[in-house]
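Visitor: I'm new to this one. Can you walk me through it?
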Amino acid sequence: SLLKKQHPEFENDITLQLETLSNTDASIPSTARDITIQRVQQIGETNQISDSIQKIQLQFDYLIDTNKKRDTIYALLKTSDVKINGETFRTSKVSFEKKEQ
């Protein structure tokens, strides 16, 4: 996916957060443990919220047993500069929120 290519350091975090958010869907049984996320892709343009925050709309498929569904979610990429012993480091954080209604 584009998000993983541009920010490979978030690959595990992205998958875990998508699985957690997908598991809140009423159509997914609470006992489902094997969820597979596939075809994560950006739709639309990156929205620059502020100097340090970008909002990206993502579309993905999730598989539970043989049932395949599609969902949409927003990724928020937050960056900031931190100075440690006079040296500046750029930090990044990704979080997800459900699609706005």
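Guide: Here are some notes on strands, turns and surface. This is a predicted model, where local features need pLDDT of at least 70, side-chain atom pairs count only at pLDDT 80 or more, and totals for chains, interfaces and linings use all residues. Residues are numbered from 1 along each chain as its sequence is written, and side-chain values use heavy atoms, leaving out hydrogens and water.

Visitor: How many bridges join β3 to β4?
Guide: Twelve, and the two strands run antiparallel. Strands here are DSSP runs of E, at least two residues, numbered from the N terminus. Two strands pair if DSSP finds at least two bridges between them.

Visitor: Which residue in β4 is the bridge partner of I53?
Guide: K78.

Visitor: And what about β4 and β5?
Guide: They pair over twelve bridges, also in the antiparallel sense. L77 has V94 in β5 as its bridge partner.

Visitor: What is the phi of N85 in that hairpin?
Guide: Positive, near 50°, with two residues between the strands. N85 is not a glycine. Most residues other than glycine have a negative phi.

Visitor: Is N85 buried or exposed?
Guide: Exposed, because its relative accessibility is 81%. The cut-offs are under 20% relative accessible area for buried, over 50% for exposed and partly exposed in between, with a 1.4 Å probe and protein chains only.

Visitor: Where does R39 lie?
Guide: In strand β1, residues 35-42. R39 has a positive phi of about 50°. R39 is partly exposed, at 48% relative accessible area.

Notes. Helix = DSSP H or I, 4+ residues; strand = E, 2+ residues; numbered from the N terminus.
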